[in-house]
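Q: Please take a close look at a single part of this structure. Pick one place, and walk me through it.

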Amino acid sequence: MKLTNGRYTLSGDVDLLQLSEKYGCPLYVYDAEIIKRQYEKMIKAFDVPNLKINYACKALNNISILKYMKSLGAGLDTVSIQEVQIGLRAGFAPDDIIFTPNCVSLEEIIAAKNLGVRINIDNLSILEEFGHMFPDYPVCVRINPHILAGGNTKISVGHIDSKFGISFHQVPLIMRIAKANKMRIEGVHMHTGSDILDAEVFLQGAEILFDIADHFPELKYLDFGSGFKVPYKDDGIQTDISDLGKKISKRFKTYCKSRDRELTLMFEPGKYLVSEAGYFLVKTNVVKQTTSTVFVGVDSGLNHLIRPMFYDAYHKIVNLSKTSGKERIYTVVGYICETDTFGVNRKMHEVHDGDVLAFYNAGAYCYTMASNYNSRYRPAEVLVVDGKDYLIRQRETMEDLMKNQIELEIF
Ligand SMILES: *Cc1c(COP(=O)(O)O)cnc(C)c1O
């Protein structure tokens with residue numbers, strides 16, 4: 001988003017304030033150009049003969065976004081059978097979808113297998129049961145490398161107490177199960193968490209995966225997961241993808257060469273691809289001065305954007321309606337009947353009732369975590385492509401809220 005002549009615009013000079021007038025608030029807006037920029041940055045960063053980027057669609061799973069990802073050349077990383085189904089509907093080939101669930105039923109994994117997608121198994125008993133039933137269906141195994149990494153405990157998933165993956169100490173058991181059932185292990189995977197800054201974490205994990213890879217001669221790919229951090233604050237702290245890419249690529253190529261193997265290097269970024277592409281636009285309902293604080297109360301809350309409350313996430317906020325003049329300090333809050341604070345002590349150009357504010361980094365884990373709490377409608381979504389805006393999801397209506405409710409006639 002750019003500020004020129006007092007207007008905030010997206011690529012193709014699309015005016016955000018105008019979008020809020022056209023579609024109403026609250027509104028999610030995504031800039032396709034930024035998704036493309038991020039995807040290309042990743043592709044450029046890794047210099048290996050075979051690279052595959054599978055977009056982790058739980059970050060933002062609107063079908064039009066998935067189709068756009070497909071047009072860029074990405075595959076898909078999914079965590080539920082429903083995400084698999086949406087991916088197939090979006091036109092991804094089963095081969096280009098990997099199913100990486102955790103603690104789902106064997107039935108769900110079988111359903112995914114019946115759709116022909118790649119299966120990533122993160123539990124020994126499931127591996128055994130699956131292998132017993134479908135020895136000919138190649139699988140990937142998710143390894144827990146016991147690395148503590150990530151921005152906070154909710155998103156750090158690769159440490160020793162984590163529920164994710166099969167401990168790398170249990171690799172002999174994986175080998176035994178695979179052998180007993182004549183299974184083919186086609187991939188080895190790890191995903192240590194989100195918001196990892198340090199290339200060393202990936203390199204450490206890589207060494208573990210290389211060691212494991214030696215035991216599986218039928219391997220086709222190594223999947224290093226994700227966790228790339230994007231900047232949320234103006235200080236710009238983020239994963240240095242080109243540095244990481246150089247280091248990993250070098251090590252990956254040496255490994256493949258020393259073993260005379262041709263493996264594909266896979267990643268499955270969610271946040272990295274879509275976080276910065278999204279903006280969330282809300283309207284100011286009230287500016288409320290108390291003895292200590294000036295609150296800006298907006299027409300949204302934790303029902304639409306829960307990251308600040310759930311993860312203590314920082315989302316930058318600006319006033320689209322007023323881009324110059326006096327600045328004041330505000331605490332931005334939602335309209336939900338509990339404390340739902342979006343941001344404390346934020347400096348913005350003077351806010352008045354009716355002003356439209358924009359949240360940054362609203363592409364990843366924002367709409368997908370939205371709910372109907374307080375019987376509010378979920379917002380509309382708009383995708384901006386080549387200077388044009390497209391509605392990609394309608395705002396909900398009362399009909400949507402009542403759709404599955406059964407009104408008893410016995411009272
Ligand atoms: C959530 C998830 C990702 C994506 O993580 P980001 O931090 O959004 O890049 C990748 N792989 C798996 C298995 C996940 O569960």
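**A helix, then the domain interface**

A: Start with helix H2, residues 32-45 of this predicted model. Helix H2 has 14 residues. From first C-alpha to last, helix H2 reaches 20 Å, close to the 20 Å expected at 1.5 Å a residue. Next, the buried residues of H2: they are Ala32, Ile34, Ile35, Gln38, Tyr39, Met42 and Ala45. An α-helix has 3.6 residues a turn, so residues three or four places apart point the same way.

Now to the domains. The chain is divided into domain 1 (2-29 + 275-402) and domain 2 (61-269). Domain 1 gives 14 residues to the contact, and domain 2 gives 12. The centres of the two domains, taken over C-alpha atoms, are 34 Å apart.

Together, domain 1 and domain 2 bury about 1,300 Å² between them. Carbon and sulfur atoms carry 56% of that area. On the side of domain 1, Tyr311, Tyr314 and Ile392 supply 33% of the area buried against domain 2, more than any other three residues.

Polar links cross the interface too. Five residue pairs are in polar contact there, both residues at pLDDT 80 or more. One salt bridge is found between domain 1 and domain 2. The side chains of Asp234 and Lys316 meet in a salt bridge, at 3.2 Å from N to O.

Note on methods
Residues numbered from 1 in each chain as written. Predicted model: local features only at pLDDT ≥ 70, side-chain atom pairs only at ≥ 80, totals over all residues. Heavy atoms only, no water. Helix = DSSP H or I, 4+ residues; strand = E, 2+ residues; numbered from the N terminus. Expected span 1.5 Å × (residues − 1). Buried < 20%, exposed > 50% of the residue type's maximum accessible area, 1.4 Å probe, protein only. Domains from an automatic or database assignment. Contact = heavy atoms within 4.5 Å. Buried area = accessible area lost by both parts, 1.4 Å probe. Salt bridge = Lys/Arg side-chain N within 4 Å of Asp/Glu carboxyl O. Polar contact = N/O pair within 3.5 Å; in protein donor to acceptor, adjacent residues only side chain to side chain.
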